[in-house]
Amino acid sequence: MSSDLPISPELEEIDGKIQDIFRALQNGFQKLDNIKDSNRQSKQLEELTGKMRECKRLIKEYDQELKNQENQNPPEVNKKLNEKKQTMIKELNSYVALRKTYQSSLGNKRVELFDMGAGTSDPVAEDNIKMASDHGLLLSCEMSNQELIYAGRQQMDETDQAIERSKMVVEQTIEVGTQTAANLKGQTEQMGRIANELDTIQFSIKKASQLVKEIGRQVATDKCIMLFLFLIVCGVIAVIIVKIVRPNNKSIPDIPGLAPPAPTGRKLLSA
């Protein structure tokens with residue numbers, strides 16, 4: 001694991017165990033080349049197979065721990081950790097392929113060993129051959145089943161992650177929809193209040209128009225009355241002026257309360 005990557009103690013511990021197993025597998029396969037006895041080779045191969053199973057279990061734990069800490073790490077760190085996991089898987093697969101090669105070679109050696117002789121059929125030899133073949137087939141099937149189980153679990157984990165992401169998207173969509181509905185409700189209520197205010201303003205304008213009309217009618221009536229009074233006053237003043245200027249004019253009746261003019265001095269002297 002790169003020292004510049006900020007990883008948790010759990011991941012560092014698992015990675016250390018995996019690297020120890022890889023070193024043990026490398027040394028074990030190197031020792032396997034120096035072992036000539038087929039029984040010892042078979043035993044050594046079984047031990048290596050057990051280490052590979054343990055390595056696969058640790059890689060699974062590493063992947064699970066990596067998923068648990070995915071939200072805590074930056075994207076570039078998660079990318080490097082996933083690349084590291086893929087590297088470990090490829091390295092383990094190379095040892096699995098190497099085990100299959102040694103298993104096939106070991107099976108062929110056992111067949112040659114049990115076929116040596118004068119051409120007689122030995123029931124014990126045939127049983128040993130069958131046992132070796134069945135044992136190799138069992139190991140091969142077991143490893144293949146483990147690989148299938150691991151792949152199936154990994155696919156299920158990816159499916160669970162996709163479902164979780166879909167749930168998050170649905171929850172976010174519901175939250176956005178709820179917020180939008182609340183905003184629309186608030187805007188609808190605000191538009192209702194504006195409509196009520198417009199109705200109130202329109203009613204006030206209508207009442208003001210009616211009041212202005214009534215005031216206009218009252219002002220017009222007052223003007224007519226004042227004009228009529230003005231004409232009456234003007235007529236009275238005109239009659240008074242004419243009566244004073246022409247007192248002998250009989251066509252103009254005497255105004256009540258107004259005394260007739262005094263006779264002139266000339267008429268008194270002539271009398």
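**Figure 1. Ser 38 in helix 2 of the predicted model.** Ser 38 is found in helix 2, which covers residues 38-68; the coordinates shown are those of a predicted model. With a relative accessibility of 13%, Ser 38 counts as buried, because the cut-off for burial is under 20%. The C-alpha atoms of Ser 38 and Leu 106 are 6.7 Å apart in space, although 68 residues separate the two in sequence.

**Figure 2. Overview of the chain.** Five helices and zero strands make up the secondary structure, and the order of elements from the N terminus is α-α-α-α-α. Of the 271 residues in the chain, 20% are buried. Among contacts between residues at least 6 apart in sequence, 74% join residues at least 24 apart. The chain exposes about 20,000 Å², and carbon and sulfur atoms supply 59% of this area.

Figure 3. Eight salt bridges are counted in the model. Lys 17 forms one with Glu 13, with the closest N and O atoms 3.7 Å apart. These two residues, Lys 17 and Glu 13, are four residues apart in helix 1 (residues 9-34) and therefore separated by about one helical turn. Lys 17 is partly exposed, at 41% relative accessibility. In helix 2, Arg 57 and Glu 54 are three residues apart, again a separation of about one helical turn, and their side chains meet in a salt bridge with an N to O distance of 2.3 Å. Arg 57 is partly exposed, with a relative accessible area of 39%, and Glu 54 counts as partly exposed at 32%.

**Figure 4. The salt bridge between Lys 60 and Asp 157.** The side chains of Lys 60 and Asp 157 meet in a salt bridge, 2.8 Å from N to O. Lys 60 lies in helix 2 and Asp 157 in helix 4, so the pair ties together parts that are 97 residues apart in sequence. Both Lys 60 and Asp 157 are buried. A network of salt bridges links Lys 60, Asp 63, Lys 67, Lys 85 and Asp 157.

Figure 5. Asp 160, Glu 164, Glu 171 and Glu 175 form a negative surface patch. Asp 160 lies in helix 4 (residues 123-245) and is partly exposed, at 41% relative accessibility. A nonpolar surface patch, whose members include Ile 225, Phe 228, Leu 229 and Val 245, has about 1,000 Å² of accessible area together. Phe 228 also lies in helix 4 and is exposed, with a relative accessible area of 53%.

Definitions and conventions
Residues numbered from 1 in each chain as written. Predicted model: local features only at pLDDT ≥ 70, side-chain atom pairs only at ≥ 80, totals over all residues. Heavy atoms only, no water. Buried < 20%, exposed > 50% of the residue type's maximum accessible area, 1.4 Å probe, protein only. Contact = heavy atoms within 4.5 Å. Areas by Shrake-Rupley, 256 points an atom, 1.4 Å probe, with all protein chains shown as cover. Patch = residues over 30% accessible without salt bridge, like charges linked within 9 Å, V, L, I, M, F, W, Y side chains within 5 Å. Salt bridge = Lys/Arg side-chain N within 4 Å of Asp/Glu carboxyl O. Lys, Arg positive; Asp, Glu negative; His and termini not counted. Charge placed at Lys NZ, Arg CZ, Asp CG, Glu CD.
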